[in-house]
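Look at the structure first, then work through them.

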Amino acid sequence: MFPSDRRWGYFPAAGLAWKMKEESFLKNIESINDLKLRVGYGVTGNSDIRSQGYYPYTALFSPGNQNGQYLPGVNIYSANAFNPNLTWEKSATTNIGIDFDLFKNGFLSGSVDAYIRKTTDLLATVQFPPGQFLTNQFVSNAAAITNKGIELSLTAKLYSSDDMNWSVSGNMSYNKGKVDEVNGATRIAASGGGLPGIGRTLSYHAIGEQPQSAWVFEQVYDNAGQPIPNVFVDRNGDGSINDDDKYYVALVPNWNFGFSTTFNYKKFDLNASFRGQLGGNVYNSVKYQYGWEQKVVPNISQNLNNNLNGNLPFVTIAENSVVSDYFLEDATFLRCESLSIGYMFDKLFKSATLRLYVGANNLFLITKYSGQDPENFNGIDTNFYPRPRVFNTGVTIDF
């Protein structure tokens, strides 16, 4: 993937822990079963640019199609794009954390971590000056990004006896990124940030903004709260609407969480897990593609096209309306990832046991998002069909 003089990377790491519970000032405190302080620093490397093919740092040629030969039997070769300056992407992380186990029988245990991660020489696909190759973009060490965050993990044993046990586990993380530097530009297109159509890009890594932020116009609305087609806020006050009036909206949520519970009563058991996010935005691409009146009009055939039901504020979609913040919606959600209930036959015969269970995956989703699913890792929802809800039943036998 890299030239011979950049092929090897050096990625050191070190960690130090202090088991504070063993110190004299905490050793006799019965409510603290364990307490440990950790600090660490490490560097990791990334070289995953396989999408560009092998040897992307040197000049190579690809044979053309035989139907495109100028002379019979004489093949044509095309020059492939390459970048001789490619090197490792490096992420340096500084972390401080606390592990704890508190109260009788480990009633509450968990960890808290705070970190700062600095990524340099970020490998990303960027625009190339036209005319060099038969493409206008290729991979490069394009940017530097800083991420800061806190992660919390907790487990609570709420009840424990011979007949019944109940525990709850959960985690929550906060992360906020910032683009510190972009080589030779103020922004680069984010991977997966393109919209349907040719040359339409929604999200960028822009200096001073969170990574993968949407670059959009601010929509103007009428008194009834409906968007006025192709009318946007003149944010810089120069009397005209152009790219200078666009602003950045973070797509990636800062808060993510998940929790699960396990409950046992005699031979019955119940397990459930949930996850979700707070904040962030998702671009409703399905509304953009199908949410306007003229979409139903056939172009060639006599068949009507699909359209969305409900409110259709646009007769057609003008070019600027494609990147209107009208299509951005709050991506907050809570999803029931799985739920199962089982019963154990522990004296089936001799030492064999049998467990019957029923369960469901993706049981429900709570969100204000009007599209199919707010959980989109690139922040653009192109899903016309929803995720399936799966019900299952089964038997587990242990001899």
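Q: Which strand gives the most to the nonpolar patch?
A: In this predicted model, a nonpolar surface patch of about 530 Å² is made by Val112, Ile150, Leu152, Leu154, Met172, Trp255 and Leu278. Strand S7 spans residues 137-160. The strand that gives the most to the patch, with 3 residues, is S7.

Q: Is Met172 buried, partly exposed or exposed?
A: Met172 is one of the residues of the nonpolar patch, and its place is in strand S8, residues 164-182. Its relative accessibility is 33%. Buried means under 20% and exposed over 50%, so Met172 counts as partly exposed.

Q: Which strand gives the most to the lining of the largest pocket?
A: The largest pocket holds about 660 Å³ of space. Of its 31 lining residues, the closest to the centre are Thr125, Ala189, Ala190, Ser191 and Gly192. Strands S6 (108-127), S7 (137-160), S9 (187-189) and S10 (203-206) each supply at least two residues of this lining. With 6 residues, the strand that gives the most is S6.

Q: How many charged residues does the lining of the largest pocket have?
A: The lining can be split by class into nonpolar, polar and charged residues. It has 12 nonpolar and 16 polar residues, and the number of charged residues is 3.

Q: How many residues apart are Asp346 and Lys267?
A: The side chains of Asp346 and Lys267 meet in a salt bridge, at 3.5 Å from N to O. Asp346 is in strand S19 (residues 333-349), and Lys267 is in the loop between strand S15 (255-265) and strand S16 (268-278). Asp346 is partly exposed at 33%, and Lys267 is partly exposed at 37%. The pair links distant parts of the chain, with a separation of 79 residues.

Q: Are Arg355 and Asp269 buried or exposed?
A: Arg355 forms a salt bridge with Asp269, with the closest N and O atoms 2.7 Å apart. Arg355 lies in strand S20 (residues 352-361) and Asp269 in strand S16, so the pair ties together parts that are 86 residues apart in sequence. Both Arg355 and Asp269 are buried.

Q: Which residues do salt bridges that share partners join into one network?
A: Glu375 and Arg387 meet through their side chains in a salt bridge of 3.4 Å, N to O. Glu375 counts as buried at 10% relative accessibility, whereas Arg387 is partly exposed at 36%. Salt bridges that share partners join into one network Arg275, Arg335, Glu337, Asp373, Glu375 and Arg387.

Notes. Residues are numbered from 1 along each chain as its sequence is written. This is a predicted model: local features need pLDDT of at least 70, side-chain atom pairs count only at pLDDT 80 or more; totals for chains, interfaces and linings use all residues. Side-chain values use heavy atoms; hydrogens and water are left out. On a 1 Å grid over the protein atoms alone, a cavity is a set of points where a 1.4 Å probe fits but cannot get out, and a pocket is an open set with protein on both sides within 12 Å along at least five of seven lines; lining residues have an atom within 4 Å of a point. Grid points are joined across faces, edges and corners, and a volume is the space filled by probe spheres set on the points. Helices (H or I, at least four residues) and strands (E, at least two) are DSSP runs, numbered from the N terminus. Ala, Val, Leu, Ile, Met, Phe, Trp, Tyr, Cys and Pro count as nonpolar, Asp, Glu, Lys and Arg as charged, and the others, Gly among them, as polar. Patches are made of residues with over 30% relative accessible area and no salt bridge: like charges are joined within 9 Å, nonpolar side chains (Val, Leu, Ile, Met, Phe, Trp, Tyr) within 5 Å. Accessible areas come from the Shrake-Rupley method with a 1.4 Å probe; for residues, only the protein chains shown count as cover. A salt bridge is a side-chain nitrogen of Lys or Arg within 4 Å of a carboxyl oxygen of Asp or Glu. Buried means under 20% relative accessible area, exposed over 50%, partly exposed in between (1.4 Å probe, protein chains only).
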